[in-house]
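Subject: Structure handover

Hello,

Here is the structure I promised to pass on. Please open it first, then read my notes below.

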Amino acid sequence: MSKSKSAKKARAGHPGRNPRAGASKFEDQVRAAMVPYLAELRAFFNQRHTPADSEAGVEGLVTLLTVHARLRNKVAVAELEHEALAIQFADLREIGDEVAQACASMLREFMLFLAESGRWSGSVEEFKMVFDLLSVQGGESPVVVPELDEASADERWAKLPIVSVARALLAWVGEGREVDGDGLLLDADLASAAAAVGLDVRYDPGAGQVPARWLPAAGSGVSSLAQLPKLGSYWDALLRAGVLSFQTDKVVPNPVVAEALEGEQGFSARGAKDLIAEGLYAHVLLHAVGPEGDHTVTQMTAALLAKAGSANPPRTELALAIPAPGELEPEQEHLQPLFAQTIPAAEALLRALEAEGMVRLGKHIRVPRVLRAPLERALTRVAEEVLGQ
């Protein structure tokens with residue numbers, strides 16, 4: 001990460017506003033355009049932040065969108081333009097890297113809101129380009145994202161299990177499915193939805209103590225979605241990618257994005273699959289939470305995935321080895337019980353991702369090249385939402 005240009009004289013006003021613009025004539029129009037979904041946006045922010053921080057985030061977002069509207073000479077708050085955004089962040093970088101990173105984080109959350117609520121009005125291609133730009137502006141990562149030609153990328157996506165599983169779940173949704181107030185599957189639909197993602201389970205209201213397993217034994221009884229992490233991960237990923245849209249008590253497909261997911265070639269098809277992969281990585285990591293808010297398993301698994309996507313992937317045998325008592329340095333001996341508990345849990349998450357083709361555990365732990373970009377964005381989201389980094 002480059003150093004902040006703190007030597008520059010601080011500019012007056014909100015850091016997201018281009019000082020050359022003066023009092024923007026677009027601000028009132030931006031505020032008016034946001035009114036129809038402002039309450040839902042605040043609720044979305046409140047899931048991740050305190051009410052006070054959410055309110056500050058909304059105001060900051062208004063400022064950023066106002067500047068964006070001035071650069072485009074157009075008010076369209078349900079979409080962002082890559083070219084204008086690049087100019088906007090060039091100005092923000094002149095103020096300082098920390099400011100640019102904070103603004104990127106704010107806009108990234110807004111993009112997730114637009115996708116989850118089905119409000120994104122631009123193309124799939126533009127969504128991916130904008131989201132990638134925001135991820136880059138949000139900070140550096142050890143993950144190496146290689147350049148792939150279109151034919152090679154299409155071929156690699158076609159071989160990944162996550163694509164066929166996501167399509168099968170979309171087909172199960174059909175024209176729409178009733179859900180609860182949080183957008184979660186109804187208990188009565190658990191068995192049939194699980195079958196769509198390749199799981200053979202039955203609904204049993206008395207199975208409250210059954211442990212959650214990525215691949216439960218055939219015929220297992222379950223009583224809640226929490227006991228089916230594979231189904232829950234794909235469901236969340238389809239919503240976050242905008243393939244599905246939550247509308248009060250029903251989830252329905254978004255035609256444009258759903259059609260892109262079904263495509264075999266082209267930027268739109270790759271973009272939809274890319275967003276689903278990001279959602280899967282993030283959901284698996286964000287729900288690897290230990291007792292009383294202990295995120296040690298999340299942190300370890302995220303670190304292993306980052307290295308697995310780097311130029312120097314970790315050796316599987318060494319990365320997943322549990323140190324025996326007495327093998328650690330004296331000052332680290334007290335950590336041996338923690339390693340003994342955490343490493344198997346992290347391996348279980350990696351094995352779950354391996355089953356979906358999202359990581360390979362051979363001599364080394366590696367992330368497929370076509371999945372490096374969505375992994376990088378997912379790790380950024382996990383760092384922001386859970387690890388506080």
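How many nonpolar, polar and charged residues are in the lining of the largest cavity? The lining has 2 nonpolar, 1 polar and 7 charged residues. Please keep in mind that this is a predicted model.

**The two domains**

Some layout before the details. The domain assignment of the protein chain gives domain 1, residues 20-138, and domain 2, residues 150-388. Their centres, taken over C-alpha atoms, are 27 Å apart. The two are in contact: 16 residues of domain 1 meet 23 residues of domain 2.

**The largest cavity**

The structure holds 4 cavities of 30 Å³ or more. The largest cavity has about 80 Å³ of space. Its lining is made up of Ser-105, Arg-108, Glu-109, Leu-112, Phe-131, Glu-278, Arg-377, Arg-381, Glu-384 and Glu-385. Helices α5 and α16 each supply at least two of the lining residues.

Take a look at Glu-278, one of the lining residues. Glu-278 sits in helix α12. Is Glu-278 buried or exposed? Its relative accessibility is 4%, so Glu-278 counts as buried; the cut-off for buried is under 20%. Leaving out residues up to four places away in sequence, Glu-278 touches Phe-131, Pro-374, Arg-377 and Ala-378. Of these, Phe-131 and Arg-377 also line the largest cavity.

**The largest pocket**

Now the open space. The largest pocket holds about 1,400 Å³. How many residues line the largest pocket? There are 41, and Leu-184, Asp-236, Arg-240, His-283 and His-287 lie nearest its centre.

Several helices take part. At least two lining residues come from each of α2, α5, α10 (229-240), α12 (267-286), α15 (336-355) and α16 (372-387). Helix α10 gives the largest share, 7 residues. By class, the lining of the pocket has 23 nonpolar, 9 polar and 9 charged residues. Both domains contribute here as well: the pocket lining draws at least three residues from each of domain 1 and domain 2.

**Helix α2**

Helix α2 covers residues 38-46. Which residues of α2 are buried? They are Leu-38, Leu-41, Phe-44 and Phe-45. Seen down the axis of α2, these buried residues fall within an arc of 115 degrees, so they line one face of the helix. They pack against α1 (27-34), α3 (51-72) and α5 (97-116).

**Two residues in helix α4**

Helix α4 covers residues 82-95. His-82 lies in this helix. Its relative accessible area is 28%, so His-82 is partly exposed. Leaving aside neighbours within four places in sequence, His-82 is in contact with Glu-126, Met-129, Val-130 and Leu-133. His-82 and Leu-371 are 289 residues apart along the chain, and their C-alpha atoms are separated by 22 Å.

Asp-91 is also found in helix α4. With 8% relative accessibility, Asp-91 counts as buried. Asp-91 and Leu-185 are 94 residues apart along the chain, with 44 Å between their C-alpha atoms.

Most residues other than glycine have a negative phi. Two residues are worth a look on this point.

Asn-73 has a phi near 55 degrees, a positive value in a residue other than glycine. Where is Asn-73 found? Asn-73 is in the loop between α3 and α4. At 58% relative accessibility, Asn-73 counts as exposed.

Thr-248 has a phi near 60 degrees, again positive in a residue other than glycine. Thr-248 has its place in the loop between β4 (244-247) and β5 (250-253). The relative accessible area of Thr-248 is 66%, so this residue is exposed.

**Where to start**

Then turn to the largest pocket and the 7 lining residues from α10.

Best wishes

Notes: Residues numbered from 1 in each chain as written. Predicted model: local features only at pLDDT ≥ 70, side-chain atom pairs only at ≥ 80, totals over all residues. Heavy atoms only, no water. Buried < 20%, exposed > 50% of the residue type's maximum accessible area, 1.4 Å probe, protein only. Helix = DSSP H or I, 4+ residues; strand = E, 2+ residues; numbered from the N terminus. Arc of directions from axis to C-beta. Contact = heavy atoms within 4.5 Å. 1 Å grid on protein atoms, 1.4 Å probe; cavity = no way out; pocket = protein on both sides within 12 Å on 5 of 7 lines; lining within 4 Å. Points joined across faces, edges and corners; volume = space filled by probe spheres on them. Nonpolar A, V, L, I, M, F, W, Y, C, P; charged D, E, K, R; others polar. Domains from an automatic or database assignment.
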